[in-house]
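Here are my notes on this one, jotted down in numbered points. Have the viewer open while you go through them.

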Amino acid sequence: MARGQAVRRIDRPASTVWRAVADHRGIAGWGPGMAVDMERDGEPDAAGVGAIRVITGPGVRIREEITAFEPERRIAYRALSGIPLPGWAGEIELAERAGATTIRWSVTTTAPGTAPIMNAAAHILMFALVKAVLRADR
């Protein structure tokens with residue numbers, strides 16, 4: 001199994017970061033030409049476990065299912081289709097301390113020898129998330 005991870009501390013409370021993390025449709029604003037549709041709502045929270053989001057962009061159509069959902073603490077997902085790496089999954093963990101939040105985004109795949117790709121993916125995703133949080137909190 002290959003794993004990539006990005007960690008970033010941001011001067012915002014976990015509640016502010018969580019708003020961006022749990023807003024599936026809001027992912028559409030993370031990059032140019034992106035759109036997100038919800039194929040299925042989660043239970044008991046519409047954004048929670050069991051939700052399926054479909055992320056589309058230039059040449060991309062990714063279906064992901066939410067597998068864990070702990071408000072202001074943790075969300076996890078797995079790719080159902082659209083990712084060329086088998087077993088793609090991700091997890092975002094938040095830890096707040098003194099009004100700032102440490103974000104840990106981990107991505108994994110069962111494809112051997114892909115750790116550098118996974119690490120790059122985690123950092124790109126983190127960059128997009130932090131940018132979305134800062135833009136929304138102006």
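1. The second largest pocket is lined by Thr16, Arg19, Ala20, Asp23, Gly26, Ile27, Trp30, Ala132, Val133, Arg135, Ala136 and Asp137. Its volume comes to about 170 Å³. A pocket here is an open set of points on a 1 Å grid over the protein atoms alone, where a 1.4 Å probe fits, with protein on both sides within 12 Å along at least five of seven lines; lining residues have an atom within 4 Å of a point. Volume is the space filled by probe spheres set on the points, which are joined across faces, edges and corners.

2. Before going further: this is a predicted model, with local features needing pLDDT of at least 70 and side-chain atom pairs pLDDT 80 or more, while totals for chains, interfaces and linings use all residues. Residues are numbered from 1 along each chain as its sequence is written, and side-chain values use heavy atoms, without hydrogens or water.

3. Helices (H or I, at least four residues) and strands (E, at least two) are DSSP runs numbered from the N terminus. By type, the lining has six nonpolar, two polar and four charged residues (nonpolar: Ala, Val, Leu, Ile, Met, Phe, Trp, Tyr, Cys and Pro; charged: Asp, Glu, Lys and Arg; polar: the others, Gly among them).

4. The largest pocket has a volume of about 580 Å³. Of its 24 lining residues, Ile27, Met34, Ile55, Ile62 and Leu125 lie nearest the centre. β3 (52–57), β4 (60–70), β5 (74–81) and α2 (115–136) each give two or more residues to this lining, which splits into 19 nonpolar, three polar and two charged.

5. Those strands pair up (at least two DSSP bridges between them). β3 and β4 run antiparallel with six bridges, Val54 partnering Arg63, and Gly59 in their hairpin has a positive phi near 75°. β4 and β5, also antiparallel, share seven bridges, with Phe69 opposite Ile75.

6. Trp30 turns up again in an aromatic pair (ring centres within 6.5 Å, using the six-membered ring for Trp; planes under 30 degrees apart are stacked, over 60 edge-to-face, the rest tilted). Trp30 and Trp105 sit edge-to-face, 6.1 Å centre to centre with 70° between the planes. Trp30 is in the loop between α1 and β2 (35–40) and Trp105 in β7 (100–109), so the pair ties together parts 75 residues apart in sequence.
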